[in-house]
Amino acid sequence: MSNVGVKTGSTLSDIVPDTSNTNILEAKPLDKNNAVTANPHIPSVSASAVLGESESLPESTPKCKGVDFNNLSSENMLTAIMESFKTTGFQATNLALAVDQINEMRKWRLSDVEWKEGDDPALKPKEVRERIRARIFLSYTSNQISSGQREVLRFLVQHKMVDCIVTTAGGIEEDIMKCFQPTFMGDFKLNGRELRKKGINRIGNLLVPNKNYCEFEDWFSPLIVKMHEEQDAQWATWAKELASRDKDDKSTLQKFVWTPSKIIHRLGKEINNEESVLYWAATNDIPVLCPALTDGSVGDMLYFHSYKSPGFVLDINEDIRLINDLAIRSHSTGQIILGGGLVKHHTCNANLMRNGADYSVYINTGSEFDGSDSGASPDEAISWGKIRITAKPVKVTMEATVAFPLIVSQTFAKDVEQWKEATKNTVCHIDDLS
């Protein structure tokens, strides 16, 4: 389109005639000098609607361009494709932005932020600031463990690349179950009635025979009994200490109680299987939070146990203190959340306690229209203070078993040994410096 006759700095309203009092169906010749068109037979309203001038975009605006396979070799093809996603558009671009966001949270050091008057003087030395990194929260729904994503998650936990995990009951028990029996590939269209008759449970296009649960329950039931006995023994010791105390002693005498995270840690130790996410979480002392631990087979077992031996206590209050304190005792936080529901909100709400996470990546297929937290955008979380207003969060609207392995290939998996070296002697809060 020609710009002849258009003055520098002109806007669309400067060059398109006012048609507010014009019959839009009536074809009236345009002024010959009108920059929109030189065709005198186009209705003016159509000319301004279809052929109107556009403002120029900044020179730095990226141009849309996808991967050119003509110029790719088989070596490093995945990396080249992922880099091209930045300018591909739609969810490909969001996927590339998620890679950038995760790399930023991983490389952050307090030394990136200038110390200023009023800050903690203990944080002023450069060598101290260089040792403080962001705390990374990883959250995932149970289907991620049901699927082959389990191996991706295990890799991250095995190499201590995350600092706190939040999941659901299925994310706990299915990790243990897979140590005994495999989950099988099926089909989304398999008949539910027929599967029920055969004792086979379907998770999407995955199949889990009932015997997998039976083996888990045979293994877990005796452990509940043992944990109950340990609870009672510690309570008896606590009662004796309380009874023998001086009546003027007002200090708190801590009473042992099982929490979801303590049980999960115990499961990881007991299973002693390197294929397990929980095994590596226990080995590397990474807390695993599951406020809905009873919402699954674990809950079934605790229910049955309560009839045989009432009195086993599972306290979720101590764990809410744990995750909230982890967020508060962080100079920066990042959150990677696969899926929605409880794991998404529990992680975001913990970060609310510190006025929001600094880095956030959501990967889910939820939509905002129903007002659910599962589909809520990062911008909605900013309004609640769950993500900081200075953050640049990313949501990838994609099924996580497709998106996350690709993201990991360009982040965590690219620099395992370098990461271990770079994070040696680092902490997430100054109080943890030795």
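Which residues in H14 meet which residues in H15? Ile320, Ile323, Asn324 and Ala327 in H14 meet His346, Ala350 and Asn351 in H15, where contact means heavy atoms within 4.5 Å. By class, this contact has four nonpolar, three polar and no charged residues. Ala, Val, Leu, Ile, Met, Phe, Trp, Tyr, Cys and Pro count as nonpolar, Asp, Glu, Lys and Arg as charged, and the others, Gly among them, as polar.

The model is predicted: local features need pLDDT of at least 70 and side-chain atom pairs pLDDT 80 or more, while totals for chains, interfaces and linings use all residues. Residues are numbered from 1 along each chain as its sequence is written, and side-chain values use heavy atoms, without hydrogens and water.

The axes of H14 and H15 are 7 Å apart, at an angle of about 55 degrees. The two helices are therefore oblique to each other (under 35 degrees is roughly parallel, over 145 roughly antiparallel, 65 to 115 roughly perpendicular, the rest oblique). Axes are lines fitted to C-alpha atoms, for helices over the stretch in contact, and angles run from 0 to 180 degrees between N-to-C directions.

An open sheet has three strands in the order E3-E5-E4, with antiparallel pairing. Its edge strands, E3 and E4, each pair on one side only. Strands pair if DSSP finds at least two bridges between them; E4 and E5 have four. Helix H10 (residues 210–244) lies across E4 and E5, at about 50 degrees to E5.

| E3 | 184–185 |
| E4 | 200–203 |

Helices (H or I, at least four residues) and strands (E, at least two) are DSSP runs, numbered from the N terminus.
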